[in-house]
Amino acid sequence: MLAQQDRVSYAQRAKQKRDVARLWDALGRSLAVVLVVFFSLAPLYWTLITSLKGPLEMFTSPPTLFPHAPDLSNYFQVFQSPFFLPTLRNSALIASTTTLLSLLVGILCAYATARLRFAGRPAVLSLVLSINMFPFIAMVGPLFVLFTGPLYLYNTYGALIIPDLLLTLPLTIWFLNSFFREMPGDLEEAARIDGASRLRFLRSILIPLAAPGVFSVAILSFIAVWNDFLFGLTLTSDEQAQPVTVGITRFNSEHVIAYGQLAAASIVVTIPLVILVLLLQRRIVAGLTAGAVKG
Amino acid sequence: MAIRTEQTAPENMEQAAFAPRRGRVSGRLLPYFLVLPTLLVILAVGIYPMLDSFWVSILDNPLVFHPNIVGLANYFQVLSDPVFQEALRTTLIFTVISVCLEMLLGFGVALLMNRAFAGRGAVRAAILVPWAFPTVVSAQMWLLMYNDQVGIITTLLQRMHLLAPGATMLGSSQGVLLASLITDIWKTTPFAALLLLAGLQVIPSSLYEAASIDGANRWQQLWRITLPMLKSQLLVVLLFRTLDAIRVFDLFYVFGGQSVPSLASYANLKMFAGTPGDFAPGVATAVLVFLIGVVISLVLVSMMRETIKRA
């Protein structure tokens, strides 16, 4: 009798201990989640409220955590500045052109490496991947010499589209390579029996089927080019071709930093990215891990 | 997603290869025609400028019509420049600390997200936000918090007496390094976390079940199952992050400016903010960044080979 009671209370105590452990676990987990989300979004919040502060509130000490009198004047000034809208347009045009070009070239290569067998296939894939890891600063010098001399492209879209292909091609090929490989093989067989050539199969069957993959890789490419700063800084000189990442730094000149306008411009440049991320997070994660993990 | 070095081709491939050729392009040559445009682009835009940078780095002034070859003089000039030595030190410290912390934190976030819980999607969206931002814009956003006039971080640090009144983090080289580290960790931990999470998700749960039946506690499971199973993934992240950190540019361009450059921003300053005679030494610096990257890749890739062999 006594022994049984002992056993029961032992079991109870063990259960209690487990419950306590589980509670701590849940608490720790929630705390970690809150911290991660806070740390991730705090700079965005600070930028947003800084962009909404008027000239007076901007420099109050200590800085206010909520804008007391939200004010859109920073945004008006940003859009009225002579360089912001042109550079924004440059970025959009350069990013879409580069994305299209690298899709055009990359789809062919991804198809060949995914579904055809040929000598040198692994070499092609590792070459494509290693390009992504080059220090781009080392290309800037020779490209500058080339684009200001023999092949005069300095300060044109071409001067950025050409090197930006290096940012998008590896990503496009690796991602589509893994996407094409997962497509069923019977499809191709059936199409070939029906007399379709490989290219025709690629154009009329594989690409339409892989449309979701092509779409996500287009988004990833667009983001990659949109985010370039180094090439934009060194290979263009004014709003004729400068991307917005460089345009934005003009609000932060050597003598004075226009904090409100810098913040407003940052918000304008990043909000499209935030929306893309929220809408397409699953696809982006899939693309990110497919493109980068198969070393 | 696991590392696949050997691509498995669809099974019908052999059959297809023997099927009668119908296209105008001969079937056997077709793959080469398909990869040719990519190879040409990579050759013209990647390999050629990369190799050309070696050539440019031994000229006296590549921007004039007939430059002279000066051998390794540009390298000697750069290597003996105290600013370069400082930039090298800054970059190496930045690389070691940022890569270690990002992998550690990324592993933590990956473990956190590896279990289903309410709000997991929200966490994933939140950590993807910094990843998607242009680095240079992220740097400007953090500058809004680091600066001395409207910055919240400066205000907090001054309140805690970690900074003298009127001082900022960006006033000292350690401060610039710290500011760059924080911003880089904020921006790239998600990348590490998502890659490691992809690795965690392919570890079979039966391993953990068997281990807990055998009485292994969580700590033992972490050391004996998770880490060994994740080893190749960890090495991939290590390689990617290290090569990315060694070429860090945007952060030091914004936070360090002329006074606390990284190797890449030092190279950029030399090329575009110095005299014409500084251009080639700038290129030489960039070549050095490339060579450091090559050494790191060789070491890490040989480590990867070994783990794959052992596995």
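**Confidence in the model**

- For chain A the mean pLDDT is 85, and 95% of the residues reach 70 or more. Residues 291–295 of chain A, however, have a pLDDT below 50, and this stretch has 17 contacts in the model beyond near neighbours in sequence.
- For chain B the average pLDDT is 84, with 91% of the residues scoring at least 70.
- Within chain B, confidence is lowest in helix 1 (residues 13–18), at a mean of 44, and highest in helix 4 (residues 82–113), at 94. Over residues 1–24 of chain B the pLDDT is below 50, and this stretch has 35 contacts in the model beyond near neighbours in sequence.
- Where pLDDT is low, predicted coordinates should not be read in detail.

**Overall form of chain B**

- Chain B contains 14 helices and zero strands.
- The radius of gyration of chain B is 25 Å, whereas a compact globule of 311 residues would have one near 19 Å. Along its principal axes, the C-alpha trace of chain B spans about 65 × 65 × 35 Å.
- Of the 311 residues of chain B, 43% count as buried.
- Among the contacts in chain B with a separation of 6 or more, 66% join residues 24 or more positions apart.

- The buried residues include A:Ile137, A:Met139, A:Leu143 and A:Phe147.
- Helix 6 of chain B is mostly covered, as 12 of its 12 residues are buried. Among them are B:Thr135, B:Gln140, B:Trp142 and B:Tyr146.

**The nonpolar core**

- The largest nonpolar core has 168 residues, and those with the most contacts inside it are A:Tyr111, A:Ile137, B:Leu144 and B:Val289. The largest share of this core, 15 residues, comes from helix 7 (residues 157–181) of chain A.
- Leaving aside neighbours within four places in sequence, A:Tyr111 is in contact with A:Phe180, A:Leu202, A:Leu206 and B:Leu34.

**Where the chains meet**

- B:Val56 lies in helix 2 (residues 30–56) of chain B. Not counting residues up to four places away in sequence, B:Val56 touches A:Gly141, A:Pro142 and A:Val145, together with B:Pro62, B:Ala280 and B:Val283. A:Gly141, A:Pro142 and A:Val145 are among the buried residues of helix 6 of chain A.

**Two residues examined individually**

- Why is B:Val56 classed as buried? B:Val56 is buried because 26 other C-beta atoms lie within 10 Å, and the criterion requires 20 or more.
- The C-alpha atoms of B:Val56 and B:Leu40, 16 residues apart along the chain, are separated by 22 Å.
- A:Ala95 is found in helix 4 (residues 84–115) of chain A. With 24 C-beta neighbours inside 10 Å, A:Ala95 also counts as buried.
- Leaving aside neighbours within four places in sequence, A:Ala95 is in contact with A:Phe222, A:Val225 and A:Trp226.
- A:Ala95 and A:Thr245 are 150 residues apart along the chain, and their C-alpha atoms are separated by 12 Å.

Key:
Residues are numbered from 1 along each chain as its sequence is written. Chains are lettered from A and ligands numbered from 1 in the order in which they are written. This is a predicted model: local features need pLDDT of at least 70, side-chain atom pairs count only at pLDDT 80 or more; totals for chains, interfaces and linings use all residues. Helices (H or I, at least four residues) and strands (E, at least two) are DSSP runs, numbered from the N terminus. A nonpolar core is a set of buried Ala, Val, Leu, Ile, Met, Phe, Trp, Tyr and Cys residues joined through C-beta atoms within 7 Å. Two residues are in contact if their C-beta atoms, placed from the backbone, lie within 7 Å. The radius of gyration is taken over C-alpha atoms; the globule rule is 2.2 Å times the number of residues to the power 0.38. pLDDT is the predictor's confidence in each residue, from 0 to 100.
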